[in-house]
Amino acid sequence: MSANSAFNEEKGGSSNVGEPEYGHDPASGGIFSSDYKRHDDLKEMLDSNKDSLKLEAMKRIVAMIARGKNASDLFPAVVKNVACKNIEVKKLVYVYLVRYAEEQQDLALLSISTFQRGLKDPNQLIRASALRVLSSIRVTIIVPIMMLAIKEAASDMSPYVRKTAAHAIPKLYSLDPDQKDCLIEVIEKLLADKTTLVAGSVVMAFEEVCPERIDLIHKNYRKLCNLLIDVEEWGQVVIINMLTRYARTQFLNPNMNESLLEEGGGEKAFYGSDGDDDEEEDKDEKDKKKAEAPSVVKRKPYVMDPDHRLLLRNTKPLLQSRNAAVVMAVAQLYFHLAPKAEVGVIAKALVRLMRSHSEVQYVVLQNVATMSIKRRGMFEPYLKSFYIRSTDPTQIKVLKLEVLTNLANETNISTILREFQTYIKSMDKDFVAATIQAIGRCATNIGEVRDTCLNGLVQLLSNRDELVVAESVVVIKKLLQMQPEQHSDIIKHMAKLTDNIQVPMARASILWLIGEYCEHVPKIAPDVLRKMAKTFTNEEDIVKLQIINLAAKLYLTNSKQTKLLTQYVLNLAKYDQNYDIRDRARFIRQLIVPTDKSGALSKYAKKLFLALKPAPVLESPFKDRDHFQLGSLSHLLNAKAGGYQELPDWPEAAPDPSVRNVEVKESVPEWTKCSSREKRKEKKVEKPFYSDSEGESGPTESADSDTASDSESGSEESGSGSESEESDQQSESGSEEDEEEEERKKKKEKIKDIFPLNISVCLADHAIFPLPVSTNQTITPSGNLKTYELLHRITGEGLSVEYCFSRQPFSPDPHMVAVQIQFTNSAASEAKNLHIEDAKLQSGMRMKEFPEIGHHRCTLPAGETVSVVMGIDFCDSTQAANFQLCTHTRKFFVSIQPPVGELMMPIFMTENEFKKEQGQLMGMNEITEKVTLGEKCHGEHAVIQRVTTAANLSRVPCGSDKECRFAGKTVTSGSLVLVSVVTKDNGAAQVTVNCEKMVIGTMLVKDILQTLTQ
Amino acid sequence: MIHSLFLVNPSGDIFLEKHWKSVVSRSVCDYFLEAREKALDPEDVPPVISTPHHYLISIYRDKLFFLSVIQTEVPPLFVIEFLHRVAEMIQDYFGECSETVIKDNVVMVYELLEEMLDNGFPLATESNVLKEMIRPPTILRSVVNTLTGSSNVGDKLPTGQLSTIPWRRAGVKYTNNEAYFDVVEEIDAILDRTGTTVFAEIQGVVEACVKLSGMPDLTLSFMNPRLLDDVSFHPCVRYKRWESERVLSFIPPDGNFTLMTYHVNAQNLVAIPVYVKHSINFFESGSGGRLDLTVGPKQTMGKTVEGVLVTVHMPKTVLSVSLNATQGSYTYDNATKVLVWDIGKLNPQKLPNLRGSLSLQTGAPKPEENPSLNIDLKIQQLAISGLKVNRLDMFGEKYKPFKGVKYITKAGKFQVRM
């Protein structure tokens, strides 16, 4: 086969062999034979040894699928190729399998083992796609296999695979809903995942499988709020919608105080129809009712839950998203959750979406229409953005009209009416009709303009277009009902129209109007009835009903003139084809014509027919639509769609807010911190490094190599929550220090995410040493860490202990330096119960011991090695930490003294930030020394390596290659440590250290000088 | 979420289908086709249609309908936005989004759709992630593939998928490093019959074409950022920086992208670059009418107005026109009743004029309504709001990039009521 590219392939395919595909439908019987022949040809190609032939065949088959042709009879031939080496063939086979496996369940099972193998592949993409296809094959028999695969993938080290696992959950659920309980466990586990990649997908799974299990969210609430800005767009939408529901169950109505104040104002403007209600007053009725109860009980000022505030604060920047769905999601969140004073911010963003594609406009306008009823003031400044252009599609025009009508009030009504006048001249008649309706609504809502509107509408009665006239009649009818006495001339005018106007609805309206107000037009009414009686048989049903109605009313008020006419009409109606009309005629005859048998009701006939009828209320079709969650499909359709989750009412008393507290120490400060783009920026700088290193090292090797991060995550989980409170408050201040700490944590997070290994492995007996810090290359380019002896083999009677500073952040407590300790038992007997006792620390210093070794395992067998991580807070000093190291038989006094360079941790800075910070640390805080570089220490690379080996600092980008800059901060107090090394051509160099802590600065300069001169 | 996708051409043929869950019979599209029949214009088809068992959400774009089938509650904008991304992706891969192109590359489109959604939920929609998984077709590559048997499908997980900057792939390399920014402003306006502005606003967009090696970190600042009232950003822009310093700081995607869109503060008066003198009369007898149009420059800031195009939607009864243009040429489409006058460059010394007579259907009443004019125009080297880029800095890489900024003003939805 000559062409491999999709381009040529496709063209070739369709012109040669593919041609008949267009012509015939394989399903149609007549051409079955030729059909088989063609497929035989494909089968042959699939059976061949050449990948190119297979590829060609698969492409043609997939093209058939894409066009909706049936290719199911090729299943056996295709499934054979599932293990094909060629990745493109394999992918196309997957596509085929997913499409047809449901129909050919038995054969599909043949492929399962391939996917099971794929699940164990070292390449994360292959693992993920194996899971993806496996879970997409809708074959019930493999449910247990799928369940197992999902569970396994949920704890995979690659976040991408975990994401795929999250996607697989709803697939399995739809295949077998009985698995729900097991799946919820997986969801719970994945909800705890801290990567942005997984967050959106798992919330999606949550929404599809167990949206009612709101309790699963508690512990993850703050994390989700904080991750939100970094989640991909689609995930953001799902998370925001879910959090809206969550917040409605957990927090109090932020507007309840306002509703309390309004209570005094009394129930006014229930329909929003009184002219003088301003925006403040047409207040959410529902909210009011709901809020009344708690406010009566408590009467205490409302204080917003900090978590509620967190959600509002963290979603706000997303209003600037380029994705309309995200903007809408935030807008609905604010509409449903924010205090009234803050909802306004969404208007601008929504108005911006009006510039987008017409489908987006359509959906946004629907939502704006609903919002504008409750919060009119919000959109008033943007009134003109809703002006209509002749080029808008009709459905957009009608919606804009709706919004304009909702926004109309006494101050802007004249502008709006002027605008409406131009619309009436439009060529789009449906739109004109809608405009007339809108004018009618403005007139009913705003008393001042009622007469103006009415006059305008009467003028339209002489319009040449019948549709326009008819619509005007209908609207005028409604308006007249409000004050009929003053407008008998209009009624007369309309009576004349019956001769010309043919639209049934308009005729019916006129007849009703004349009947209702026959006393105002006593001369004309009987004449109209006369004419109508003549044409009765040819009228539409609604008109006939109104004729009967008119006859009855006239009979009651003016029986002298109309008795005969009425009887005539009733007789005609008696034999009408429509049973409704026959029924009505019979009913009315009994009611109005006095006979001896006539019932008790007939004396009330006049009251029945001529009762004073309340004027109709012209309401927006969007009124009260906000009981649906805005932005949802259900809201758009104004009907509950399948799977719609009701937006709960605010609770009367807030549920216990402490359920959202997270015990795991370190995550609290992280999640309560306001997430920001700033943070993200820093992450961006660092992130590629991580992904790089991941790519290099590969997941397989990292699996057993990274003991440090293992044990870290292990101890993190066992950590206590003592510090959460404090860091919580600290985070409020949002100081720069926090920022850095934040970022450091983020980094730590990443490391963990790449190696999320199980705790049980952490004390595995075959630890590799020295610790490879592949994840940390940017920080310590040298890669190898210096080890120090803690206990010599001889002193320790066969137990030798070494330690090094792993330079990993110590997760249980960020203020501690992580010390990796390695025990080697070279004695003949086992060492049991290794632990620390009797630490003698300087004041302020703290120590977090490693978990007792041998707790589970009881022993460190002879000849084995184990390494653990402990944390020590050195209080930014190089004082030694003294303690006893105990085994089951002996105690050894040991001490750990940190080199000054280990008391700090790297932070990432831009060049500008560095300069700025450096400028602030001048004078006493700056120490400068000149040095002649050692022989082997020429060149930028060597300098960087030396400095980063001596101190745990990270490199800061710098424009000049003569200068190297490094930044870090001390572990305990977080004071900045800035180092710059300027080299000169002759081998001389100048080292500058800027640090608030002068002692550290001085010591660090010494250390760096030493390392550079070597 | 999204169950299936059907691509429908203007004549109602379904030429591609893709299912992400169980197969939905294409007969479900009948409901849509019915609605399509009813609508006078393809734009009038309701974007959301409810059928007994499914919901259909569709967009109309590039003369094609992208029709998705939904079974359960999902935010409609979510689906609409995604469908537009599909169209943009096709455009991005094959240079245009049309039935022919999709049919020619049906397998690749199908593979892309497979990657974009998993079980109906978006998996990869960033163009550079997709391009690493399925490489776009080029002539060179097709030749190479033929010779070496290599494929268009990547076997590594795209780097973007795992990073927090999914829009940029690692290891980008260019020999010429360049970054170009186009500031394009559009004037949306409605002028009434006397020429008074009923409504006018400026919408702007900064389009970027960035071809830089490595991981450049760019900072773009404006001379007068206070002009900008409402902004929306590509996800790469750091919002916090904008909030505090009013500069755009970002690690750009590779290639073409929209950096930001903005709206100019509504308090500023909008300069209207042209005026139109117009008169249209229909005779009482109903047999014909007269049209007279003149276009002239108004507030152009001393620049030349180019590409002027006037479109008039005539009343339905206008049968033909017989006009005389002093500049440019005009066409009248009797089917759609659209008169288009292509003027070109505006010469302030000699104003272009179009006048002549209109003939109406015999017996038809005199049209009551007056048509409205839509105007297109272009002004090079001018951002009508006065927005100016101050400087562009690059951090994180050592080379010196070539930088450029271009300004252009266009008419957006610019309508004159007659």
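In chain A, helices α17(A) and α18(A) cross in a left-handed sense. The structure is a predicted model. Helix α17 covers residues 306-315 of chain A and helix α18 covers residues 324-337 of chain A; their axes lie 10 Å apart and meet at an angle of about 150°. Angles over 145 degrees count as roughly antiparallel, so α17(A) is roughly antiparallel to α18(A).

Which residues make the contact? From α17(A) come A:His308, A:Leu311, A:Leu312, A:Arg313 and A:Thr315, and from α18(A) come A:Val330, A:Leu333, A:Tyr334 and A:Leu337.

The next element is a strand. Strand β8 of chain A runs over residues 865-873, and nine of its nine residues are buried, so the strand is largely enclosed by the rest of the structure. Both of its faces are covered. On one side of β8(A) the buried residues are A:Thr865, A:Ser867, A:Val869, A:Gly871 and A:Asp873.

Strand β3 of chain A, residues 817-825, pairs with β8(A) in the antiparallel sense over eight bridges. In this region A:Val819 stands opposite A:Met870 of β8(A). Strand β6 of chain A, residues 846-848, pairs with β8(A) in the antiparallel sense too, over three bridges. Here A:Met847 has A:Ile872 of β8(A) as its bridge partner.

Conventions
Residues are numbered from 1 along each chain as its sequence is written. Chains are lettered from A and ligands numbered from 1 in the order in which they are written. This is a predicted model: local features need pLDDT of at least 70, side-chain atom pairs count only at pLDDT 80 or more; totals for chains, interfaces and linings use all residues. Side-chain values use heavy atoms; hydrogens and water are left out. Axes are lines fitted to C-alpha atoms, for helices over the stretch in contact, and angles run from 0 to 180 degrees between N-to-C directions. Helices (H or I, at least four residues) and strands (E, at least two) are DSSP runs, numbered from the N terminus. Angles under 35 degrees count as roughly parallel, over 145 as roughly antiparallel, 65 to 115 as roughly perpendicular and the rest as oblique. A crossing is left-handed if the near helix is turned anticlockwise from the far one by less than a right angle, and right-handed if clockwise. Contact means heavy atoms within 4.5 Å. Buried means under 20% relative accessible area, exposed over 50%, partly exposed in between (1.4 Å probe, protein chains only). Two strands pair if DSSP finds at least two bridges between them.
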